[in-house]
Amino acid sequence: MVNLLKFKPDGGEAEYAKYAAGIQPILNKLGAKLLFAGKTEFCLIGNADWDMVALVQYPKKRTLFEMSLLPEYRAIHHHREAGLEG
């Protein structure tokens, strides 16, 4: 899964960092792996305006859906919504 992240101004990145810290144990539990995460510097082609890119490998397509139903995921998901503009 490719995550193209745009943070909300005034604290969005810090709020998303809380989500990022909480999601790692959940990914481990499900057998998923964070393959890459990094801040974007510029867009070579086009006019994309992302702050960060993250690439996550899930063992099955269904795992992402199953993750969304876990109580521990629901407990941290509000940080993702609070931090991201898009």
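Ala, Val, Leu, Ile, Met, Phe, Trp, Tyr, Cys and Pro count as nonpolar, Asp, Glu, Lys and Arg as charged, and the others, Gly among them, as polar. This is a predicted model, in which local features need pLDDT of at least 70 and side-chain atom pairs count only at pLDDT 80 or more, while totals for chains, interfaces and linings use all residues. Residues are numbered from 1 along each chain as its sequence is written, and side-chain values use heavy atoms, with hydrogens and water left out.

Q: What makes up the lining of the largest pocket, by class?
A: By the classes given above, the lining has 17 nonpolar, 3 polar and 1 charged residues.

Q: Why is glutamate 15 called buried?
A: Buried means under 20% relative accessible area, exposed over 50%, and partly exposed in between (1.4 Å probe, protein chains only). Glutamate 15 has 18% relative accessibility, and therefore counts as buried. Glutamate 15 is found in helix α1, residues 12-30, where helices are DSSP runs of H or I with at least four residues, and strands are runs of E with at least two, numbered from the N terminus.

Q: How do you know that glutamate 15 and lysine 18 meet in a salt bridge?
A: A salt bridge is a side-chain nitrogen of Lys or Arg within 4 Å of a carboxyl oxygen of Asp or Glu. For glutamate 15 and lysine 18 the N to O value is 3.4 Å, so the pair meets in a salt bridge. The two are 3 residues apart in helix α1, which means that they are separated by about one helical turn. Lysine 18, at 46% relative accessibility, counts as partly exposed.

Q: What makes lysine 6 and aspartate 51 a pair that links distant parts of the chain?
A: Their side chains meet in a salt bridge at 3.5 Å, N to O. Lysine 6 is in the loop between β1 and α1 and aspartate 51 in the loop between β2 and β3, 45 residues apart. Lysine 6 is buried, because its relative accessible area is 17%, whereas aspartate 51 counts as partly exposed at 24% relative accessibility.
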